[in-house]
Amino acid sequence: MPADPGPSADPHAPSACPADIRCPRCRDCAGPGSALPADRVAKADPAAAADPAALADPAAMLAGGAQVAELERAFATAHGAAHAVAVSNGTTALVAALRAHGIGAGDEVITTPLTFVATLNAILEAGAVARFADIADDLTIDPARLASLVTPRTRALLPVHLYGLPAAMAEIYEFAAARGLTVIEDAAQAHGARSGAVPVGSAGTAAFSLYGSKNITCGEGGIVTTADDDIAWRLQLLRNHGMRQPYDYVLPGYNYRLTDLQAAIATAQLARLPRINASRAANAARLSDGLAGLPGLVRPAVPPGRVHAWHQYVVQVTAAAPIDRDQLGKCLDAAGIDARPYYPALVHDYACYRDHPRVIIDATPRACRAVREVLALPVHPMLTSGDIDRIVSCVRTALTDR
Ligand SMILES: Cc1ncc(COP(=O)(O)O)c(C=O)c1O
């Protein structure tokens, strides 16, 4: 039995580290009470959020104060946007964006069925009706599938930059402009992504999340970027009860405020975004090299001109593979590697939405197939070279040793 180091000992000091367990702080040990089993490759690493220096400012205890203003300035600059308005999370960012554009009861919004549930919940919270277009090979919404869904009630398109890959925005904006539709980009997963020279969030109105799993985070938080001065003004009102001056309410709003404490952390994170995304891109490239040539395994492809933020690295295990997606997931799990179906079901494929009066379930055969094939592998910046070798070797063995 090792000697008890006593309460004052630093659990992260090298001598206290069980050699085969890693933790976010020292990367070498789990520390007392850690849930990380020995030698497991985690799907995400919260150490990416550790910016204690950002909390040194004693003024960082307010909501909507100087730190929020600084985050908004820095975020708008980093994303080439005219305005950025910080809110409490990515879901409220979407709701505020929809409402700021006047979308609500009776309006139809077309989105993708392969997304996180927040995309759908935001449409419903705004009072609108959700419809779904099928996806393209890159797993984002297919612009060619939009036309058949447009009705006189259609008001907005809500493409999702899934896994950090920008959707086909040039085609989507062109389609929307020709029909007078609003575009709201769900950029929750796509900080720092670009379509050609155009940063995600700069062209129209986009909603970002700062949740703990995202490329940059402050635990909970969100930001709406917009090119439109009036929309920015409405967003500022909506997030703070529609209040123009103390007790002067000009429209019914919400408390969607971000605190200065969170903003200070997010601003520090934002400064690291280029390095974080570069590290994710390098990990993705190594995974794609290592996973080349496997039967039935489709690696994520980046269409020309698009810059991926690599929030997730998602492979597709197709019918041509010797085992299916769930079996591969089990092999990885048994090898101590976290891999997840991302997402396990289409967003409307739950009992609570199936008979929902404002959810119209359109046929999306490609999305139906993809949702059975997608598997997200770890790609976060805390992965070591050895972790990537382990992931590659495990997938290769599972798909070839049959
Ligand atoms: C595609 C997508 N949209 C919206 C959201 C909502 O963001 P939040 O969790 O910050 O509310 C998320 C968060 O995971 C997301 O992945």
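**Sheets, core and ligand shell of the predicted model**

Strand 12 and strand 14 (residues 313–317) run antiparallel and are joined by two bridges. Within this pair, L297 has V317 of strand 14 as its bridge partner. The model is predicted. Strands of a sheet pair through backbone hydrogen bonds, in either the parallel or the antiparallel sense.

Strand 5 takes part in two of the pairings described here. With strand 8 (residues 205–209), strand 5 (residues 182–186) pairs in the parallel sense over three bridges. I184 has T205 in strand 8 as its bridge partner. With strand 4 (residues 154–158), strand 5 also pairs in the parallel sense, over two bridges. Here A156 stands opposite T182 of strand 5.

Strand 5 is mostly covered, with five of its five residues buried. In a regular strand, side chains alternate between the two faces of the sheet. Both faces of strand 5 are covered. T182, I184 and D186 are buried on one side, and V183 and E185 are buried on the other.

The loop between strand 4 and helix 4 (169–179) contains H161. H161 counts as buried because it has 29 C-beta neighbours inside 10 Å, and the cut-off for burial is 20 or more. H161 and A187 are 26 residues apart along the chain, yet their C-alpha atoms are separated by 5.5 Å.

Nonpolar side chains tend to be buried together in soluble globular proteins. In this model, the largest nonpolar core comprises 114 residues. A96, L98, A207 and I223 touch the most other members. Helix 6 (residues 260–290) provides the largest share of this core, ten residues. Both domains contribute: at least three residues come from each of domain 1 (52–270) and domain 2 (274–400).

Helix 6 also contains D289. D289 counts as exposed because it has 11 C-beta neighbours inside 10 Å, and the cut-off for exposure is 12 or fewer. D289 and R299 are ten residues apart in sequence. In space, the two residues lie 9.5 Å apart, C-alpha to C-alpha.

The ligand is surrounded by 14 residues. G90, T91, A118, A188 and S209 are the closest. Helix 2 (90–100) and helix 3 (117–125) each supply at least two residues of this shell. By residue class, the shell divides into five nonpolar, eight polar and one charged.

Technical notes
Residues numbered from 1 in each chain as written. Predicted model: local features only at pLDDT ≥ 70, side-chain atom pairs only at ≥ 80, totals over all residues. Near = placed C-beta within 6 Å. Helix = DSSP H or I, 4+ residues; strand = E, 2+ residues; numbered from the N terminus. Nonpolar A, V, L, I, M, F, W, Y, C, P; charged D, E, K, R; others polar. Pairing = 2+ DSSP bridges. Core = buried A, V, L, I, M, F, W, Y, C linked by C-beta atoms within 7 Å. Domains from an automatic or database assignment.
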